[in-house]
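Thanks, everyone, for making time this morning.

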Amino acid sequence: MPLHVTKEDDGRLLQMLSAELESARILLQLLEQEHQVLIKGEAEAIRSISAHKQTQIKLLSEQLLVRDRFLTAHQLPAGKEGTDLFIQQAPAGSATAKCWAQVQDLATRLNDRNEINGGIVALAQRHVSQALNILTCHTEQNSTYGPAGQQAGRAPQSLAR
């Protein structure tokens with residue numbers, strides 16, 4: 001059964017998508033700020049941005065739930081699939097379709113930036129782990145062979161002693 005999209009419904013979805021777009025833009029700015037402070041290693045700034053980022057993610061999640069309820073009320077699946085189906089029934093070249101394209105583009109950029117920031121965090125964690133292993137004399141080449149030929153590892157020692 002084809003969906004009949006009224007101007008009112010199209011306008012409501014446009015409002016929802018516009019709010020999501022604004023929230024996503026703010027989140028992207030926070031991720032870009034996070035990227036800069038991760039590179040600089042500014043711990044206090046990282047904590048501050050992380051708190052703002054969590055607040056923005058919560059807001060965006062709430063906005064997505066509102067859109068999902070709207071779609072469900074129109075007997076459409078939630079998320080991208082339902083939004084795509086709704087947009088297909090909207091007038092050609094509508095502002096809603098353009099806004100939806102911007103939301104999708106921004107979602108891709110958010111994902112890419114998040115992946116990059118996650119890679120920086122993972123690299124920093126590896127460096128810290130390697131430094132701790134060096135400081136405790138705990139390396140992969142830390143094992144020797146006992147008199148009977150069995151492999152015996154040394155207990156980790158701290159350089160701080």
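Which residues in helix 2 meet which residues in helix 3? Before I answer, this is a predicted model, in which local features need pLDDT of at least 70 and side-chain atom pairs count only at pLDDT 80 or more, while totals for chains, interfaces and linings use all residues. Residues are numbered from 1 along each chain as its sequence is written, and side-chain values use heavy atoms, with hydrogens and water left out.

Now the answer: Arg67, Asp68, Phe70 and Leu71 in helix 2 meet Gly79, Gly82, Thr83 and Phe86 in helix 3, where contact means heavy atoms within 4.5 Å and helices are DSSP runs (H or I, at least four residues) numbered from the N terminus. The residues of this contact divide into three nonpolar, three polar and two charged, with Ala, Val, Leu, Ile, Met, Phe, Trp, Tyr, Cys and Pro counted as nonpolar, Asp, Glu, Lys and Arg as charged, and the others, Gly among them, as polar.

As for geometry, the axes of helix 2 (residues 43–73) and helix 3 (residues 79–89) come within 10 Å and cross at roughly 55°; axes are lines fitted to C-alpha atoms, for helices over the stretch in contact, and angles run from 0 to 180 degrees between N-to-C directions. That makes helix 2 oblique to helix 3, given that angles under 35 degrees count as roughly parallel, over 145 as roughly antiparallel, 65 to 115 as roughly perpendicular and the rest as oblique.

Turning to the other pair, the axes of helix 1 and helix 2 come within 9 Å and cross at roughly 160°, and the two helices are therefore roughly antiparallel to each other. By class, the contact of helix 1 with helix 2 has 20 nonpolar, five polar and six charged residues.
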